[in-house]
Amino acid sequence: MSRAEESLARALDAPAAGGPAFAAALRRAGADDFRRLKLPTTRHEEWRYTSLAGLAALELAPAAPARPDAAAVERLGGLPPAPRLVLVNGRLDAALSDLSGLPAGAFAGSLTAALRERPAALEPFLGRAPFRDHAFAALNAALFEDGAVLLLPDGAALPAPVQLVHWTVAGAGPAAAFPRALVVAGRGVRATVVERFAGEGSYLAAGLTELWLGDESRVELVRLQREAPEAFHVGLLGVTQGAGTRFAARSVALGARVARFEARALLDGEGTENLVDGLYVAGGAQVHDHFVHVDHARPRGTSRELFKGVLDGQARGVFTGRVLVRPGAQKTDAGQVSSNLLLSEDATVDARPQLEILADDVKCSHGGTVGQLDEEALFYLRSRGVDRSTARAMLTWAFAAEMVERLPEQVRAEVRRLVTARLPDGGRLLEAA
Amino acid sequence: MSQDAIRELTEQRYKYGFVTEIEADQAPPGLSEEIIRLISAKKGEPEFLLQWRLKAYRHWLTMVEPRWAAVKYAPIDYQKIVYYSAPRPKKQLGSLDEVDPELKRAFEKLGIPLAEQARLAGVAVDAVFDSVSVATTYKGKLAEKGIVFCSFSEAVKDHPDLVERWLGSVVPAGDNFFAALNSAVFSDGSFVYVPRGVRCPMELSTYFRINAENTGQFERTLIVADEGSYVSYLEGCTAPMRDENQLHAAVVELVALPGAEIKYSTVQNWYPGDAEGRGGIFNFVTKRAKAMERAKISWTQVETGSAITWKYPSCILQGDDSVGEFYSVALANHRQQADTGTKMIHIGKRTRSTIVSKGISAGRGQNTYRGLVRMQKGATGARNHSQCDSLLIGDECGAHTFPYIEVKNPTGQVEHEATTSRIAEDQLFYCRQRGLSEEDAVSMIVNGFARRVLKELPMEFAVEAQKLLGMSLEGSVG
């Protein structure tokens, strides 16, 4: 066993108490599963391109309750507008949270409180997202301290995005936090949720977000990952869609030493639409790994994935897209595209766009490209008097901009600024703008 | 090559008609060092080959059978296989009338000439032509150019230096489970050496091969094209092939030295089993080529047979400016399973590769494309384009695509496209309206779908392969 596994195993031996029986069962199953599965290595097919050796070497302690002061809040990116739930080290911080602007009948709050006060509303959903035999889902189930819960009744329409803020603040040694969120939308809900991940110090943030869409709902989820440079981020997103629903996940990954975002969508009703987009900007020795699994279980589903990566330094980008079309899921229309821009000699990309098709009346496609900046376009800009690094920054931004423009307008300007600042020589673009 | 010449060439086989002292020359079932020593001794092999086999065997013992492919089959008992049995003639039939009518029908549909039908079915045809002279002319023509084309066993005897130098240079003895097994026990196969600057004047084919019939289930092929040479090699044939051995684990190694070009075409139509998939061949093949500077490798395959096909003809593009191509049509009907694709490993600068894969699934067939494109750090300016299309016929089959793309050089250009679709109702309707039967319509559409691959085949092969696709789909519609 690695150091990380040993230290995590100690945490598993001291399970959190309290809560209803189904929550206790979830924790037990999670602990058993993790003891069996252990941390994945590159020998696991699903992790062959992303090494967690750096994580395995850490002595991890469950992240203790923490209270960031005003300066720390600023360093973590500041507080987004209300309504917001702020979780620090996986626990809801009521003082930093602000629930104004939530429509009547909606519930937003702490998972621990919801488990105590309304267990029946949670039981059909909590821990039921399609993550089977997944070490990090198991770990989160076993060790989550608290979490964010958002329950939206039938017909609810959110006027503004709900912000779910996940901060991890490590102490002296490496910490492990298990942020968890559960969003249950009834029938015909209209909602936008923004999840933000940030932190300080050396830590593992192994998060799990579960989303349930009742029939005819439309939900958009923005995911903004700005973890600390030393952090390991594993973010799991499980979505189950009812009939006639539309779901869009838009991920922007900028931070962490090693970050893995894994989305699994079960299209469990007829005529659903599922979109998963991602932009990742990695430099230095960062690893950004994206894994999207779309399960077309019913007829007439549409799914689209578009991922774009900008890789500099010795960064590594990984994309795995797996579309499964089950027998009987006729009239499925699935498309995947993964494009990558390599800016340096040492950056690398690995992509696996996969299709598993067991129905015949389907339209499925995937495409992928890997390349560098177009020398002719660079030359054109330079011939117009733009210096080389600004020209590079402009073309890089042009590649990434499509993803930013797809974001809901409430976060677009902010993300544009963050992404531009992360691009090599992006500062020049800001100056020019 | 004219039909007469083909017929002439096909006669010579009986000249070598296995009249040697081979009865009951068979090793007991099972695998051990003794068996390998026996195989090597029976074949009168030099010491280096024996040591090579033993090394492979010892390595094989440490390996586990891979399970990652999307294929399902009952466990294989490796101790029940007979690893050495000397070649023996197949039962000969008196005339074409004795041939299994189903087989005859297949021959007719494929348009195979009568004389050839007889040869394929194992009918003892009177040698009208002087087969000795044909074989001699044929061999003479190649010898004139200095080309060596013979069975692997002959090569070991006559050209041990060439064999020792190149054997295992592309697929090492311990490469993978099935390749290691093959390396330990391979029975026979083909060997080709084309000298520097020589363009081989004819398509080399196992079809017209003088030797190396009955090479058994562990076939080994080694083709070396020396600098600036060219050779086109055809393997297999469209006619249905039956074999008593269920497991086939062949190894094919190609070496293209600087400026050389090797074109390797395969048509595989081994027995796929009955409609329930019972008794079909397991075809687990390792095929790999190494291309040096400016060399070119082109793999073309039409895979319609076998219960399970599991093979990935690959190119190691080692030299600068080398080129790799892979054109594949794989068809899985009834209960057939095909897991096939390619690996393009770009090592040299400005290396280029093209992948065109067309998978057809029908009945309850499962068809998987699995491929890797890797741009190594030094592969500056390398390019790849991959196109993987799947066609589904019926709602109980499956089409899967698992491409792996690994890029470690920023100047690499990699493009991958894949689509999956079924035969459109309107296309079928259009054809039916023009008076085509449904089967003919499907066959026509499928051939259109596979056209880009079929046109890479040498002409005679391409015509038969088209018919073969149509035939293999019989009973899959309606």
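A residue counts as buried if 20 or more other C-beta atoms lie within 10 Å of its own, exposed if 12 or fewer, and partly exposed in between, with C-beta atoms placed from the backbone. By that rule, 52% of the 478 residues of chain B are buried. Welcome to this predicted model, in which local features need pLDDT of at least 70, side-chain atom pairs count only at pLDDT 80 or more, and totals for chains, interfaces and linings use all residues. Residues are numbered from 1 along each chain as its sequence is written, while chains are lettered from A and ligands numbered from 1 in the order in which they are written.

**Chain B at a glance**

- Chain B has 13 helices and 20 strands; helices (H or I, at least four residues) and strands (E, at least two) are DSSP runs, numbered from the N terminus.
- Two residues are in contact if their C-beta atoms, placed from the backbone, lie within 7 Å.
- Among the contacts of chain B between residues at least 6 apart in sequence, 85% join residues at least 24 apart.

**Two helices to look at**

- The expected span of a helix is 1.5 Å times one less than its number of residues.
- Helix H3 of chain B (residues 47-61) has 15 residues and should span 21 Å, which agrees with the 21 Å between its end C-alpha atoms.
- Buried residues of H3(B) are B:Trp52, B:Arg53, B:Ala56, B:Tyr57 and B:Trp60.
- Among the buried residues of H13(B) are B:Phe461, B:Glu464, B:Leu468 and B:Ser472.

**The largest nonpolar core**

- A nonpolar core is a set of buried Ala, Val, Leu, Ile, Met, Phe, Trp, Tyr and Cys residues joined through C-beta atoms within 7 Å.
- The largest one has 259 residues, and those touching the most other members include A:Leu139, A:Val325, B:Val192 and B:Ala256.
- This core lies between domain 1 (3-269) and domain 2 (374-433) of chain A, because both give residues to it; the domain bounds come from an automatic or database domain assignment.
- Leaving aside neighbours within four places in sequence, B:Ala256 is in contact with residues including B:Ala225, B:Ile262, B:Met292 and B:Ile297.

**Where the domains of chain A meet**

- The centres of domain 1 and domain 2 of chain A, taken over C-alpha atoms, are 32 Å apart.
- In chain A, 10 residues of domain 1 are in contact with 9 residues of domain 2.
- On the domain 1 side, strands S9 (190-200), S11 (218-226) and S13 (246-253) of chain A each give two or more residues, and S11(A) has the largest share, 3 residues.

**Where the chains meet**

- Here 30 residues of chain B are in contact with 30 residues of chain A.
- Strands S18 (383-393), S19 (398-407) and S20 (413-422) of chain B each supply at least two residues of the side that touches chain A.
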